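Dear colleague,

Please find below the structure for your use. My notes on it follow directly after.

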Amino acid sequence: MNHKDDIVIALAGNPNCGKTSLYNFITGSRQHVGNYPGVTVERKEGSIAVDDAIVTFVDLPGTYSLSPFSIEEYVARNEILSDRISAIIVVVDTTRLERNLYLASQIIETGKPVIIALNMFDEFEESGGILDIPQLSAILGVPCVPTIGNRGKGILDLMSVSLKAARGEVPAVGKLPRYSHEMEHAIDAVGEIIGSRSPYDFRWTSINILLYGASFCDLSIKTIFTEDDYRRIDEIRNNLELLEGRVVKSIVTSGRYGYASGAAAECLRERHKLLSTTTDKIDAVVTNRWLGLPIFLLILWSMFQATFTLGEYPVKLIGIFFHQTGFLASRIIPAGLVNSLVVDGIIAGVGGVVMFLPNILLLFFFISLMEDTGYMARAAFIMDRVMHFLGLHGKSFMPMLVGFGCTVPAIMATRILESRRERMITMFVIPFMSCGARLPVYILLAGAFFGREHAGTVIFSLYLAGMVLSFVIAKILSFMTKTSSPFVMELPPYRIPTPRSVLLHIWERAWMYLRKAGTIILAASIFVWFLVTFPAGTKQEIGDIHENTPANLESTYAGSFGKLIEPALKPLGFDWRIGVALTTGFAAKEVIVSTLGTIYAVGDEHTGESDNSNLQKVLRDDPSLDPIKAYGLMLFILIYVPCIAVLGVLKREAGGWKWVGLMIVYTTSLAWIVSFSFIKAAELLM
Amino acid sequence: MFRHDHMAVRHATTIDDLRPGEKGVIVQVMADDGIKQRLMDLGLIEGTEIEMIRHAPFGDPIQIKALNTHIALRRREARMIVIDAAGEEHSESQGRYRHRFGRKSQLR
């Protein structure tokens with residue numbers, strides 16, 4: 001098994017140290033994105049040729065420490081300790097050496113080969129810093145390589161040194177932090193108890209059992225030690241804490257910080273100027289007590305405005321493209337089942353969804369801009385008081401904001417919340433942050449019933465309604481579950497995002513969206529087409545399928561199903577066709593548009609022309625719908641069960657099908673109640 | 001180092017008592033396990049110098065600066081961090097700030 005190719009190197013580092021851009025430069029597009037088993041901490045891996053070997057690089061989640069208090073830290077620690085990792089690159093923000101070497105000290109302590117990437121070295125030097133790199137290497141006992149992650153400088157050097165370190169060709173097992181006399185005694189005493197039973201580094205195991213007791217041993221090694229062992233170790237800890245007058249955590253943390261700041265002090269020939277004053281100046285305005293909130297709201301408003309106005313033109317172009325393709329296909333393919341499938345099923349269905357790609361891309365462009373500049377953390381800072389009132393956390397706002405793009409990454413983003421309670425509440429209100437997939441449905445319906453000039457306002461009111469609803473639900477849920485977790489977070493320095501990282505981010509989203517269109521939505525479109533075509537169609541000559549009248553449609557599978565659930569929707573005034581559309585919307589919200597397109601196109605006299613303006617006309621002409629019902633329908637679509645992809649991710653994140661079941665029942669009943677109340681109230685008033 | 005006993009701690013100055021622009025040195029972090037670890041991992045340990053920067057729009061949380069990094073924390077957490085307030089006379093210019101660091105590394 002021990003091929004030259006089997007070298008795996010992990011990248012660790014603090015959040016905001018430029019690790020991701022460094023990683024992107026190393027692996028380029030050759031990365032595989034997945035999840036760590038059991039938890040949805042994103043796991044990135046990519047293999048690349050370095051010198052004479054193929055090396056796999058693993059991007060660990062950004063952490064400040066390796067304590068077992070958060071999922072990220074837990075995942076990073078397990079990965080670092082796993083046998084397959086032969087070396088760890090610790091990415092360090094050179095402008096904040098002490099803080100970053102603190103994490104390095106913990107990774108060095110695992111006894112594995114470590115390479116330090118002195119990242120952002122340009123920023124450090126430009127602000128007047130001078131660092132004695134050979135001396136830093138000598139003090140820490142590991143190779144140190146200066147890098148500039150966002151411009152790819154020093155990467156080749158780093159990779160080649162890492163390979164040598166992994167193979168043991170250069171010394172890379174670092175010098176360990178030493179603690180107080182009493183602490184060292186305690187470490188030795190614990191070492192005597194555990195003997196050679198730990199599969200991990202001896203000293204590292206002793207220190208961690210002292211720090212976290214049995215809770216550290218959530219790894220596979222918990223059962224290696226007996227109750228008696230833990231009892232004796234607890235005794236050692238108690239004696240030590242009594243002797244030192246402080247807890248072991250304090251002893252170890254100060255020891256590690258002492259190690260980090262000692263190394264930094266010895267090697268910094270010239271301190272760079274403290275914290276770029278630009279960040280201070282921007283913060284003086286952006287997080288200002290009086291200006292902060294108005295600026296935040298202005299940014300949010302401009303973001304949505306730009307998403308829709310800039311997106312309008314390309315959306316139209318794509319619409320025309322699909323319209324023409326449909327027209328062309330309907331002429332080339334001989335009339336019949338195949339023609340109907342391609343034109344009414346596939347082109348109308350997939351096209352209706354792909355059309356909105358520009359809006360989605362713009363939204364993710366702005367979100368990644370907010371993330372990469374460092375403003376996202378400020379948004380959390382500004383919103384924390386409000387969020388706290390709702391029983392949430394300032395950080396909850398970030399996943400909720402991402403929820404405007406797509407609920408799936410938003411639910412995954414809740415992992416930045418440390419407390420499970422706040423995480424669960426956030427997950428359960430995120431679906432009300434109207435996602436990008438619902439947008440095409442609003443555009444269709446609002447355009448049809450409120451005209452071009454009012455459509456924007458109507459859509460904005462839906463977003464607002466969703467936000468208000470999420471706040472109300474959060475408040476109710478937080479009453480039911482008391483206690484809140486602390487808010488402590490770093491506000492990273494402002495940085496100008498590199499086009500590369502923003503483009504990569506958008507590309508990932510674009511690809512995800514198109515892949516969804518090509519798989520789930522394609523399948524759903526074909527399925528819906530099948531449901532609205534059979535069995536009624538089979539009774540006739542194949543060529544006559546186009547002449548499916550609404551009466552015929554009622555006898556199809558879709559019609560029967562729609563009829564089945566019609567009683568539930570009757571009080572809202574929705575007929576079976578809406579029922580079918582809502583049901584298929586469960587696959588993905590955009591599918592509602594394509595289903596309506598397919599149903600109405602099939603039911604219509606002349607097929608093949610299923611672009612939006614036509615569909616809007618047909619919907620407007622439908623006597624069973626009016627503006628009030630259309631708005632009620634949009635409210636229903638806003639609130640009711642999130643798509644299947646969301647439920648999948650919810651099952652993993654929340655941990656169990658019962659949460660999925662709860663989500664389905666609660667969102668759908670809420671949608672019914674809200675929609676019903678709105679329609680009845682509006683009809684009463686009008 | 002000078003250590004507070006718990007009686008004294010009750011009346012001690014905490015980060016929450018600082019006004020924007022004021023500085024202090026952390027004496028003790030009195031928090032529960034998880035949060036204490038988080039605060040310490042961010043560099044808020046005994047001996048760290050911190051500066052109060054500002055309050056958020058609704059007065060809470062607050063923004064502080066420590067080890068060349070901006071950190072946001074709620075006032076509830078800020079009250080858990082006992083400091084030795086350096087007072088206004090210590091809110092020094094950049095030049096003196098750098099000098100202090102220079103002296104520190106010479107001492108080593």
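How many of the six residues of β6(A) are buried? Six of the six are, so strand β6 of chain A is largely enclosed by the rest of the structure. Please bear in mind throughout that this is a predicted model.

The loop between β6 (114-119) and α4 (121-126) of chain A holds A:M120. This residue is not a glycine, yet its phi is positive, near 60 degrees. Most residues other than glycine have a negative phi, and most peptide bonds are trans. A:M120 has 10% relative accessibility and therefore counts as buried, the limit being under 20%.

A second case in chain A is A:N16, also not a glycine, with a positive phi of about 65 degrees. A:N16 belongs to the loop between β1 (7-13) and α1 (19-27) of chain A. Its relative accessibility is 32%, so A:N16 counts as partly exposed.

**Helix α9 of chain A**

Helix α9 of chain A spans residues 227-244, 18 residues in total, and reaches 26 Å from its first C-alpha to its last, close to the 26 Å expected at 1.5 Å a residue. Its buried residues are A:D229, A:Y230, A:I233, A:I236, A:R237, A:L240 and A:E244. These lie on the same side of α9(A) because they cover an arc of only 120 degrees around the axis. An α-helix has 3.6 residues a turn, so residues three or four places apart point the same way. On the face turned away from the buried side are the exposed residues A:E227, A:N239 and A:L242. After α9(A) comes A:G245, with a positive phi near 75 degrees.

**A sheet with strands from both chains**

An open sheet of six strands runs in the order β10(A)-β4(B)-β3(B)-β2(B)-β1(B)-β5(B), with antiparallel pairing. From one strand to the next, the twist averages 40 degrees. Inside the sheet, β3 (residues 62-66) and β4 (residues 69-73) of chain B pair over five bridges, and B:Q63 has B:A72 as its bridge partner in β4(B).

Helix α2 of chain B (residues 33-41) lies across β10 of chain A and β1 (23-29), β4 and β5 of chain B, running at about 15 degrees to β10(A). A cis peptide bond, with omega about -5 degrees, joins B:D60 and B:P61. B:P61 is in the loop between β2 (49-55) and β3 of chain B.

**Confidence in chain A**

The mean pLDDT of chain A is 84, and 91% of its residues reach 70 or more. Residues 538-548 of chain A have pLDDT below 50, and this stretch has 23 contacts in the model beyond near neighbours in sequence. The pLDDT also stays under 50 over residues 603-610 of chain A, where the model has 18 contacts beyond four places in sequence. Where pLDDT is low, the predicted coordinates should not be read in detail.

With kind regards

Technical notes
Residues are numbered from 1 along each chain as its sequence is written. Chains are lettered from A and ligands numbered from 1 in the order in which they are written. This is a predicted model: local features need pLDDT of at least 70, side-chain atom pairs count only at pLDDT 80 or more; totals for chains, interfaces and linings use all residues. Side-chain values use heavy atoms; hydrogens and water are left out. pLDDT is the predictor's confidence in each residue, from 0 to 100. Contact means heavy atoms within 4.5 Å. Helices (H or I, at least four residues) and strands (E, at least two) are DSSP runs, numbered from the N terminus. The expected span of a helix is 1.5 Å times one less than its number of residues. Buried means under 20% relative accessible area, exposed over 50%, partly exposed in between (1.4 Å probe, protein chains only). The arc is that of the directions from the helix axis to the C-beta atoms. Two strands pair if DSSP finds at least two bridges between them. Axes are lines fitted to C-alpha atoms, for helices over the stretch in contact, and angles run from 0 to 180 degrees between N-to-C directions.
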